[in-house]
Amino acid sequence: MSAGVQQAAVTRERGLRLLREMLRIRCFEDACVRLYGELKIRGFLHLCNGEEAVAVGTMQALEPTDAVVSTYREHGHALARGLSMNALMAEMFGRESGSSHGRGGSMHIFDAGKLFYGGNAIVGGGLPLSLGVALAQKLQGRKSVTACLFGDGAVAEGEFHESLNLAALWRLPVLFLCENNLYAMGTAIERAESQLDLPAKVRPYGVEAQAVDGMDVFAVEDASRAAVARMRGGAGPALLELRTYRFRGHSMFDAQLYRDKAEVEAWQKKGPLITLTARLKAEGLLSEDDFQRLEREARNEVAAAVEFAEQAPWEPVGQLERFVYAERPHA
Amino acid sequence: MPELLASGAARAARSAAPQALAAPAHMSYREAAREGLRAALQADARVFLMGEDVGRYGGCYAVTKGLLQEFGPERIRDTPLSESAFVGAGIGAAVAGLRPIVEIMTVNFSLLALDQILNNAATLCHMSGGQVNVPVVIRMATGAGRQLAAQHSHSLEGWYAHIPGLRVVTPATIDDARFMLAAALACPDPVLLFEHIFLYNMEGELSPSLAAVDIDHAAVRRSGRDLVLITYGGSLHKCLAAAEQLAAQGIEAEVLDLRTLRPLDDAAIMAAVRRTHRAVIVDEGWRSGSIAAEVSTRIMEQAFYDLDAPVARVCTVEVPVPYPKHLEDAALPSPERIVQAAQQLMSSGGPP
């Protein structure tokens, strides 16, 4: 599916680095499930179990000067982008030490310093935003790109089509990353899209597009790096369809009546962590001890983040009306 | 009441001053708005303008005529008819360090970008815990009166003023048309700037030596001891005309121009009520849930015992704006309706 993309060598160093990042995300999400049951996390909670290779593979291709616009299923993107896990977990708890001062919660993770612009919870709403960030990069003469993540559900939104057209028309350096997990909440993609071949759908806009195995972190990283390299060389926007699957429900309120257990189980067997671990072991790049160590480290990091969040302060109610208008002096 | 210089506007004023001095003293509202745009584009390389037909066409209302030739296509950007995409792009560019001016041809089309305005421009600052500011200015034409029928005659500025995180301004004079933009650009928050379609051809004098205005204060446009007409935007001139008619009948009406609908200048509103003890609010929005309703409620909350009569409202009648001239005229606030409301108010209540 990734024909034409330069394959980078799979080394032990690379394999362990990617596996470590993916394990951090999986452990974080699993902890969120438990904490939701304990009522520590409330509201909508959208987990990315099964989609870790997309988060880690795409973020590998970006420099700190590149920007990211994400969705409400963004914990993995944020962790892979390098946001503090402590700040992320405190945000889940709604604490003042959270990445958005506790004001956003699970769906609105921001880090302006890391150019991570949400955490956008209106499907398709982040795409126009990404155009503007990329336009600023271009007008300021930078070589940066903006990575814009969204799900397959967003493809049905008008904002998707407006944004693809305008990005191509103005040759904006936006890397559109469609995380196709086959369901827009409970609506299967074949019940929502007249054309299931997403690259074929967007190519007429003048956007270079390609489908990638979103369960293979190496394929995701290679394709992302190749697209970013072309865009830094002056090519217009590109789109990657990252074919993946969501192992858990859409949110914590999902009885999953719209899909068979057998289908979920079949995808779990193709899961990004299982396949990566098996491949690295088969190629002699990873031992069971290595795996155990990485998993233990991830669990310890998550446990420390939970402890941090537990101890983090609540914002005083007296500050309720903060963050409606700018507080910093205007440059 | 003189328009006050805010500190942010003062900085903009310094850079805008040379253009202000060079501009002809007599100009149309349209020309004043164009001079404001030119000055902003000259003063700050981060400023650019985008929207439908702002470039080659010269703007639907000819406000941006000539700007493409002067500033080039990088800074005067014609967009496709994709309101959500280009408004969102303006928001994103503001987040990433530029100072975009986005023109939506009319408020009627802003509904196609409402998701971006409400869910992004107004909320990014809050959702990010104050990390992200959105210094975008979104200009649009508003209002009825040209027989454009139900889909092209909205006055939704009061509706936008419902939303925390936005600032809403309504320049109604030549001075404000010329200088409010600079103050809006100097503001770190998203500012929606509404220009009433009936004002573009209005001509007047630019105040000599004025170099900046603020977007924080209402302004008294006419003094009068008997009652206050509280209004904004295109209705200001209907109120001034009504005040003339009332003066001929011996009723002296103060006219207060709100200028900014969010945040409202409560102090100026209450001061006017305390001076006159009677208030008529004139608003081209529909009556229910209007900015007039908000102003009325604030007067009730803050100046109830200063009133000699219940607050009155002259708003658009609650019907989609009809096409025929006689029906459209009947639906909209008019000097006649304002005079009538003022007369009724003067004959009711009051100290024994």
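Predicted model: local features only at pLDDT ≥ 70, side-chain atom pairs only at ≥ 80, totals over all residues.

Q: Which residues is A:Ala326 in contact with, leaving aside its neighbours within four places in sequence?
A: Contact is a matter of heavy atoms within 4.5 Å. By that rule A:Ala326 touches B:Cys125, B:Asn133, B:Pro188 and B:Asp189. As for its place relative to chain A, the C-alpha atom of A:Ala326 is separated by 54 Å from that of A:Gly284, 42 residues apart along the chain.

Q: How many residues does the contact take from chain A and from chain B?
A: Chain A gives 38 residues to the contact and chain B gives 50 residues. Between them the two chains bury about 3500 Å², 60% of it on carbon and sulfur atoms. On the side of chain A that touches chain B, strand E2 (110-111), helix H5 (126-139) and helix H6 (158-169) each supply at least two residues. The largest share of that side, eight residues, comes from H5(A).

Q: What is the general idea of a salt bridge, and which residue meets A:Arg103 in one?
A: Side chains of opposite charge can pair when their charged atoms come close. The side chains of A:Arg103 and A:Glu315 meet in a salt bridge (2.9 Å, N to O). A:Glu315 lies in the segment after H11 of chain A and A:Arg103 in the loop between H4 and E2, so the pair ties together parts that are 212 residues apart in sequence. Both A:Arg103 and A:Glu315 are buried.

Q: How many salt bridges are there over all chains?
A: The count comes to 43 salt bridges over all chains. One of them joins the side chains of A:Asp30 and A:Arg248 (3.7 Å, N to O). A:Asp30 lies in helix H1 of chain A and A:Arg248 in the loop between E9 and H9, so this pair ties together parts that are 218 residues apart in sequence. A:Asp30 is partly exposed, with a relative accessible area of 34%, and A:Arg248 is partly exposed at 32%. In chain B, the residues B:Asp176, B:Asp214, B:Arg221, B:Asp257 and B:Arg259 are linked in a network of salt bridges.

Q: Is helix H4 (residues 85-93) of chain A enclosed or open, and why?
A: Burial is judged residue by residue. Eight of the nine residues of H4(A) are buried, so the helix is largely enclosed by the rest of the structure. Among the buried residues are A:Met85, A:Leu88, A:Met92 and A:Phe93. The buried residues pack against H1, helix H3 (75-81) and H11 of chain A. A:Ser84 caps the N-terminal end of H4(A), a side-chain oxygen lying 3.2 Å from the backbone nitrogen of A:Asn86. After the helix comes A:Gly94, whose phi is positive, near 75 degrees.

Q: How many aromatic pairs does the structure hold, and how is the geometry of one read?
A: The structure holds 12 aromatic pairs over all chains. The rings of A:Phe44 and A:Phe253 have centres 6.1 Å apart and planes at 75 degrees, so the pair is edge-to-face, planes over 60 degrees apart counting as such. A:Phe44 is partly exposed at 47% relative accessibility, whereas A:Phe253 is exposed at 57%.

Notes. Residues numbered from 1 in each chain as written. Chains lettered and ligands numbered in written order. Heavy atoms only, no water. Phe/Tyr/Trp six-rings, centres within 6.5 Å; stacked < 30°, edge-to-face > 60°. Buried < 20%, exposed > 50% of the residue type's maximum accessible area, 1.4 Å probe, protein only. Buried area = accessible area lost by both parts, 1.4 Å probe. Helix = DSSP H or I, 4+ residues; strand = E, 2+ residues; numbered from the N terminus. Polar contact = N/O pair within 3.5 Å; in protein donor to acceptor, adjacent residues only side chain to side chain. Salt bridge = Lys/Arg side-chain N within 4 Å of Asp/Glu carboxyl O.
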